[in-house]
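Here's a quick briefing to read with the model open next to you.

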Amino acid sequence: MSKEINREIGAQNPGLEAISAHRMSDRGMKRTYFPGIIDIIEVTDPAEIRTISNDSRFDREFIGHGPVRNVLRLRKLLRIFSLNGRVFQPFLPRTNPSRAAAQDKLWSRLNVKADEVKHGPAELEPLAEWVRGIGTAEKLDLLVQQCIGRLFVETFTATEESVAAAHTVLEAASSSNLLRMLGWRISGRLERAKMLLASMVNGDLTGVIAMITARQLIVDGLHKMRQLAADPALRSSITTDVAADECLFTIANTVRQAKTSGEVGGCPFRKGSLFILELASASRGAANRDLLFLSQSWSRCPAEKWVPALLEGVWTRVSATLHEPQKNTSRLSHV
């Protein structure tokens, strides 16, 4: 590991010599550290991400004190992804007594659903129609959110309001505009958005975050699939599983916090250090597709089989119809 220390800044400004960035160029790990201000390690190497995501020294048992930037980042994360004091499941620690049981139960249930959608049942026709080129982006948002919502409530019906609520939460999570965030807190807009979504899935917070984040990732995937379907050469040559894999997207990153001080992969860390696991970049390449859902980790996504199966099912219907251009596909189910 090489150390890149900004000595020039330290020389010109006594007291700032503690600013440092430890970088492992060959392993994809960088630490930005200044006592009391920031202690964040960005991890891009797939092997290191697997190690850290399974190492018991790193967890989602977030502590609310430490460097200012760390604390602010965690407070924002937990404020956005909680409701009435309850933290959404993807942000619960490994040691939470109910997390593992609930996660495994949902994983098993979604695996059954995956077997049902993989072969392209009629219920996927509205999504297939959109991929063929019929419908707006707003239409797709409704269709995908409804598809996800019905995993939790069979009669779930997506609305323009529920889709807007999901976008509000995502915008809050990605926004760095402090005035806008303050305005949303004062007005209660963010809380109302989460409460609306929760009311539609009987208070199931896993369903709420699925309608927020999984919805967006599947929407992105189906936009990609629409591009594939529009290319005659690709359409005729690509297999179903490859098409589905091309359309898989994951969250940009996920966060872990060090429970003790130590070293990992040659990079030192302190208790409270934040590790940002860059999943989107690390999951590229056939050997790293497990990182899309952290499939080898205790925190694996319960939808790791359902999402690819859904995409396979949609492509199955799309490719079958596009190979039969004269077939009448006007009878559709609607949101």
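Arg31 and Asp39 make a salt bridge, with their closest N and O atoms 2.9 Å apart; the term covers a side-chain nitrogen of Lys or Arg within 4 Å of a carboxyl oxygen of Asp or Glu. Arg31 and Asp39 are both buried, where buried means under 20% relative accessible area, exposed over 50%, and partly exposed in between (1.4 Å probe, protein chains only). Keep in mind that this is a predicted model, in which local features need pLDDT of at least 70 and side-chain atom pairs count only at pLDDT 80 or more, while totals for chains, interfaces and linings use all residues. Residues are numbered from 1 along each chain as its sequence is written, and side-chain values use heavy atoms, with hydrogens and water left out.

**Salt bridges**

- Searching the whole structure turns up twelve salt bridges.
- Another of these pairs is Asp59 with Lys259, whose closest N and O atoms are 3.9 Å apart.
- Asp59 sits in strand β5 (residues 58–59) and Lys259 in the loop between β8 (254–258) and β9 (262–264), so this pair ties together parts that are 200 residues apart in sequence. Helices (H or I, at least four residues) and strands (E, at least two) are DSSP runs, numbered from the N terminus.
- Lys194 and Glu191 are three residues apart in helix α9, so about one helical turn separates them.
- Here Lys194 is buried, with a relative accessible area of 0%, and Glu191 is partly exposed, at 30%.
- Shared partners link Asp59, Glu61 and Lys259 into one salt-bridge network.

**Nonpolar cores**

- The largest nonpolar core has 74 residues, and Phe88, Leu127, Leu222, Trp306 and Val314 touch the most other members. Such a core is a set of buried Ala, Val, Leu, Ile, Met, Phe, Trp, Tyr and Cys residues joined through side-chain atoms within 4.5 Å.
- Helix α10 (residues 205–229) supplies the largest share of this core, twelve residues.
- Another core lies apart from it, with 16 residues that include Met29, Ile52, Phe269 and Leu294.
- Beyond its neighbours within four places in sequence, Phe88 is in contact (heavy atoms within 4.5 Å) with Phe81, Ser82, Leu83, Lys194, Leu205, Val208, Ile209 and Ile212.

- Gln145, in helix α6 (residues 137–149), is buried at 0% relative accessibility.
- Helix α7 (residues 160–174) has 15 residues and reaches 21 Å from first to last C-alpha, close to the 21 Å expected; the expected span is 1.5 Å times one less than the number of residues.

**Aromatic rings**

- There are five aromatic pairs, counting rings of Phe, Tyr and Trp (its six-membered ring) with centres within 6.5 Å; planes under 30 degrees apart are stacked, over 60 edge-to-face, and the rest tilted.
- Phe269 and Phe275 are edge-to-face, because their ring centres are 5.6 Å apart and their planes stand at 80 degrees.
- Phe269 and Phe275 are both buried, and together with Phe58 they form one aromatic cluster.
- The charged end of Arg226 sits over the ring of Trp130, 4.0 Å from its centre; the rule asks for NZ of Lys or CZ of Arg within 6 Å of the ring centre and within 35 degrees of the ring normal.
- Arg300 lies over the face of Trp107, at 3.8 Å from the ring centre.

**Positive phi in loops**

- Asn84 is not a glycine, yet has a positive phi of about 55 degrees.
- Asn84 lies in the loop between β6 (82–83) and β7 (86–87) and is exposed, at 65% relative accessibility.
- Leu294, also not a glycine, has a positive phi near 50 degrees.
- Leu294 belongs to the loop between α13 (279–282) and α14 (306–322) and is buried, with a relative accessible area of 8%.
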